[in-house]
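Biologist: Could we go through the aromatic residues together? Please keep the explanations plain.

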Amino acid sequence: MNLTIVTVVFNDLDGLKKTLANVEPLVGDDVECWVIDGSSNTEIRDYMSHYANKRVQWISEPDRGVYDAMNKGVDRALGDYLIFMNAGDTFYPGFSPTTMFSRVEDRRSVVLGYSVEVYNDDRYLSPGLGNERRAFVAPSHQATFYPRAFYEHERYRLDLPIVADGDFTGRAIKSCGAVFVPMIVCEFELGGVSSSYGSSRVIKLRMQEATSMKKVVLLAAKVLMWKILPRRHFYRVLRSGRYTKIKQHQPLQLSNACARIAPTPLAG
């Protein structure tokens, strides 16, 4: 099984260094890594020009946003599977792609795992223990492995500047089916565009992309909470019930059983 790791970065050298330090031990004959830099300065280009590990490949050029950059990574991927571990994201300590894929029988399916979301010293396991089926509905891209059977023909939609991530993953699961392997794949910090509600421009885009009145109401509630609650309490409220709050280095009793869903048949 060959794996491509794509790291997208924009003006975040510290985040890139953190991710590459974590990813580099995995890079080898069966694992390739691409860095896609769309920064507005030359800092990352200069850094990558002198990067010692030549197995980590990179390009640096302007793009039309994060999903355009991710599409550039898709264009270059050669692995049987593809995962995005963007600047600042890391694989969970001790995570092994070899161990994970040894539990996957159908290499054409999307492969999902747990993620750990972090805000200061609060840590949340997603999906929460006992709520693993939710992974098929709203997985983190950092815990999602996309099969070549899907990604060699599909791309992120640039007309969806906020929800293209969920759209891409949803189409992959419908097309290929998915298997959830009970292993923690990654950890990442909350506070990015997908978990923030303070920008009027982003809120407007979210409203435009909402596909039902229920989603509009839910978005309005999140915006209100963002305004009145301290950030820590905001994330605690949103993650209560569906997530499991954990401590760093806490041993967890994870299931030994994988869960699966089949592809959705095409209409007609």
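Biologist: Are Y114 and F180 buried or exposed?
Modeller: In this predicted model, Y114 is buried, and F180 is buried as well.

Biologist: How many aromatic pairs does the count come to?
Modeller: The count comes to 18 aromatic pairs. Among them is Y114 with F180: the ring centres are 5.0 Å apart and the planes stand at 85°, so this pair is edge-to-face.

Biologist: Where do Y114 and F180 lie?
Modeller: Y114 belongs to strand β6 (residues 110-119) and F180 to strand β9 (residues 178-189), so their pair ties together parts that are 66 residues apart in sequence.

Biologist: Now to another pair. What is the geometry of F150 and F168?
Modeller: F150 and F168 form an edge-to-face aromatic pair, with 5.1 Å from centre to centre and 70° between the planes. F150 is in helix α5 (residues 148-151), whereas F168 is in helix α6 (residues 164-176), so the pair ties together parts that are 18 residues apart in sequence.

Biologist: And are F150 and F168 buried or exposed?
Modeller: Both F150 and F168 are buried.

Biologist: Which residues form one aromatic cluster?
Modeller: One aromatic cluster is formed by Y67, F84, Y146, F150, Y156 and F168.

Biologist: A change of topic: charges over rings. What lies over the face of W226?
Modeller: That is R231, at 3.6 Å from the ring centre of W226.

Biologist: And which residue has its charged end over the ring of Y243?
Modeller: R239 does; its charged end sits 5.1 Å from the centre of the Y243 ring.

Notes: Residues are numbered from 1 along each chain as its sequence is written. This is a predicted model: local features need pLDDT of at least 70, side-chain atom pairs count only at pLDDT 80 or more; totals for chains, interfaces and linings use all residues. Side-chain values use heavy atoms; hydrogens and water are left out. Rings of Phe, Tyr and Trp (its six-membered ring) pair if their centres lie within 6.5 Å; planes under 30 degrees apart count as stacked, over 60 as edge-to-face and the rest as tilted. Helices (H or I, at least four residues) and strands (E, at least two) are DSSP runs, numbered from the N terminus. Buried means under 20% relative accessible area, exposed over 50%, partly exposed in between (1.4 Å probe, protein chains only). A charge sits over a ring if NZ of Lys or CZ of Arg is within 6 Å of the ring centre and within 35 degrees of the ring normal.
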